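Subject: Structure handover

Hi,

Here is the structure I promised to pass on to you.

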Amino acid sequence: MSSHHQLDVVMYHFVRPIEQSRWPGIKGLEASAFDTQLDYLEATYDVLTPKDAIAALRGDRPLSRRSCLLTFDDGYKDHFTHVFPRLQERNLKGIFFPPACAALDRHMLDVNKIHFILAGGSDPKQLGNLIDEAVRAHPGLPAPDTFRDEHHHAFGYDTADVIYVKRMLQHALPSKLRRTLADDLFAQTVSSDAGSFADDLYCNVDDLREMHEAGHMIGSHGNAHVWLDRMNADDQRADIFNSFRLFDAIGMPNSNFTFCYPYGSYNQETLSCLEAMCCVAAFTTKPESATPGSDGLLEIPRLDTNVFPPRAQAAPFAMTA
Ligand SMILES: [Zn+2]
């Protein structure tokens, strides 16, 4: 009876052959499982185009049944190689959110350096020891034990050693030190040529233009893929504005753009800034279904691919008639 059908915005990161690859430790969706998931989504939902999904979220387009939208973060080459052809084959459209610094400057995102350092087969305990050495050598920092008390704790599926490496390199250490340290560990354990690694890892402008021309939406994921809620309003605005150079390179207008918060991080200033720039829709990592017409268009919740089959044991929601 309900006329208020919800919209599930599905969030993807890595989608690739993982088990048989050089990086079996990378957390992502197996390409073959993506096929299974698309089968499930097409059978269960109306898979909306980005345009229709945004109209529905605005309350301008009634939904006749439960619907979903597919979104892909970080501009991985995976999306061009493994996702794009599958969507084309099924005539589905998604939104892709590449950070400008990865797509244009071929910079490794900090978060990806950490992923591959941990997936490279190095012992996380050993990595933690190397981090402690750097902490001891850095003037003005507390002793490693102080950091360990706060950050060496198992969380979710990760062991305490893994969490320690992640937190120290993501935010616990001063930014300059953690960047240098991540670069050093990446060079030692993954590749001495971060530039060509990034070239293989991320879509380039030609890939993105091809996807855009095929009807997919390219949104902004910021320029440098930073935690916006830790920056002042001017720096936030500068990062978002800087991301528009990717739209220019692709040949897209900057108006009516969509945005995806790196790390799901934003605050009131980010919202004001996006509103002033006339952003039409911005996506968070708040794990909920979206309610068309009621959620703010700049705080659209999303559900991780993991909560849907085949990974999830059962359909996350009762099927609605
Ligand atoms: Zn991201």
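First, some ground rules. This is a predicted model, in which local features need a pLDDT of at least 70 and side-chain atom pairs count only at pLDDT 80 or more, while totals for chains, interfaces and linings use all residues. Residues are numbered from 1 along each chain as its sequence is written, and side-chain values use heavy atoms, with hydrogens and water left out.

**Confidence.** The average pLDDT (the predictor's confidence in each residue, from 0 to 100) is 93 for the protein chain, and 96% of the residues score at least 70. Residues 314-321 fall below 50, and that stretch has 14 contacts in the model beyond near neighbours in sequence (contact means heavy atoms within 4.5 Å). Where pLDDT is low, the predicted coordinates should not be read in detail.

Helices (H or I, at least four residues) and strands (E, at least two) are DSSP runs, numbered from the N terminus. Asp74 and His221 are both buried, where buried means under 20% relative accessible area, exposed over 50%, and partly exposed in between (1.4 Å probe, protein chains only).

**Two domains.** The chain divides into domain 1 (7-106 + 202-307) and domain 2 (110-196); the bounds come from an automatic or database domain assignment. Between them the domains bury about 980 Å², 62% of it on carbon and sulfur atoms. Buried area is the accessible area (1.4 Å probe) that two parts lose on being put together, summed over both. On the domain 1 side, Trp23, Ile26 and Tyr263 lose the most area to domain 2, together 39% of what that side buries.

**Salt bridges.** The count comes to 21 by this rule. One of them joins Arg66 and Asp8 at 3.2 Å, N to O, and both of these residues are buried. Another pairs Asp73 with Arg302, with the closest N and O atoms 2.9 Å apart. That pair links distant parts of the chain, 229 residues apart: Asp73 is in strand S5, and Arg302 in the loop between S9 and S10. Asp73 and Arg302 are buried too.

**Backbone details.** Most residues other than glycine have a negative phi, and most peptide bonds are trans. Tyr263 has a positive phi, near 60 degrees, and is partly exposed, with a relative accessible area of 26%. Cys278 also has a positive phi, near 65 degrees, but is exposed at 52%. Finally, the peptide bond from Pro309 to Pro310 is cis, with omega near 10 degrees.

Best wishes

Notes:
Salt bridge = Lys/Arg side-chain N within 4 Å of Asp/Glu carboxyl O.
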